Amino acid sequence: MYTKETFLAALGECKLPDSFAQNFESVADGYYKNGVSFLREEFIKGVEDRREILGSLYPFVLESAEKVRSSETASLYSLCLYDMLKNSTQRFAISKSPKADSEDLEEKKLFEMAAYFALFAFAPELMDWCERAELPEDVAIGTLGGAFRGPFEAHLQRNGYYGFDSARLFAWQQLYLDHELIRVGILNFELRKSFLSNCLIFKNKTGETRTMIVGKDISAGGMISGSKGHEDKAFCADMTETDEYYEGYITDSVTGKVLPTPVRLYKNEWEIALRESDQTISVHIPAGVSFTEENLTKAYNYVLRIVEKSFPEFKPKAFICLSWLISTQLKDFLKPTSNILGFQSKFNCKIPIVSQGLGVISFLFLLPTTETDYNKFPENTSLQKKIKEYYLSGGTVYEWGGAFLI
């Protein structure tokens, strides 16, 4: 029977949230008396019978739960994570999972799946929420699948076998549990309570827009200071407001970089269309989807109808996206007819963000962001080949921000 000290020692070297095992005594008492309810076959079967969200992966989940259930340490680890999530509105990340350095792959997988089950424990609550919100069946199934099946499919694509990557996904999957992420059509949409803090979007009477960066240090190359290769500071993008105008630094409409000369936007012509306090819908692109213009348009229109019906208190003013897919550099690697360029062209308000060029490593090459040997980048697609060559020559493809007004 574990004490808190012996339990933490058994987990070994790992990096967990500060509040992990905060209630260890009561959690352990419940475990030793009753086990872990959400690891039992009847719990998993009840979830699957209700919505069939696991599909062909149902046997894998059952087998994984049995393995976790058979381990006192893994069971307690899962239950402590669940307790942490249940008793806080904060989103938690696992920086390093227990046994992450183990040479025993099965031991590593055991603790990764234990983290997954701490999330899966909330499946009935998420299903209840989908029903209360009266989400269309396809959206409910897509959302539940994204929450509880998607991580396995992503792991298979990256590693060649089913599993869960808690360092990458434990915090991300909580967006589903917090009712902030839904799958609509081919896209994931995050319902954000606010816009970004570093910029304002202006619109004039003819519909033109300008993006003004506020309160950020800017490099000589027009990037946010602190980005890879842009550690210098050329100026601070401060904004001045008078009764007549706003004066500040706007981004170039083509490159998205911050222009070095301040401009004035007069209030009789321009108004603030998007500010930090405004609600927005953030767009996330699942792996492997075909984002043609038709599919994208359907998804954008569909989610707006859902928001209006199911979440009438939510009043988004724009769609936003923060991704390597928004990088204006991609035009140098892709044909003009590329679906990627078509996707990013919709986000006409370009927003530079601090970037280390890690997005392509994770999402294009499907490698850990710690990978610095660019020779290991795969060359399975023409885009991979071109960007690999670019990185080997010293280049960086930056993540970028974009927005378009609703």
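Where is the place of E134? I found E134 in the loop between α7 (123-132) and α8 (137-148). I took helices (H or I, at least four residues) and strands (E, at least two) as DSSP runs, numbered from the N terminus.

Before going on, I noted the basis. This is a predicted model, in which local features need pLDDT of at least 70, side-chain atom pairs count only at pLDDT 80 or more, and totals for chains, interfaces and linings use all residues. Residues are numbered from 1 along each chain as its sequence is written, and side-chain values use heavy atoms, with hydrogens and water left out.

**Two positive phi angles**

I read a positive phi of about 55 degrees at E134, which is not a glycine. E134 has a relative accessible area of 54%, so I list it as exposed. My classes are buried for under 20% relative accessible area, exposed for over 50%, and partly exposed in between (1.4 Å probe, protein chains only).

I then looked up E52, which sits in the loop between α3 (41-51) and α4 (58-69). E52 is not a glycine either, and its phi is positive, about 50 degrees. I list E52 as exposed because its relative accessible area is 62%.

**S102**

I located S102 in the loop between α5 (72-86) and α6 (105-120). Its relative accessibility is 18%, so S102 counts as buried. I found a polar contact between the side chains of S102 and E107, at 2.7 Å. A polar contact is a pair of N or O atoms within 3.5 Å; within protein, one must be able to donate a hydrogen and the other to accept it, and residues adjacent in sequence count only if both atoms are side-chain atoms. Leaving aside neighbours within four places in sequence, S102 is in contact (heavy atoms within 4.5 Å) with E107 and K108.

**Whole chain**

I counted 14 helices and 14 strands in the chain. Along its principal axes, the C-alpha trace spans about 70 × 50 × 40 Å.

I noted that buried residues make up 51% of the 406. Of the contacts with a separation of 6 or more, 68% join residues 24 or more positions apart.
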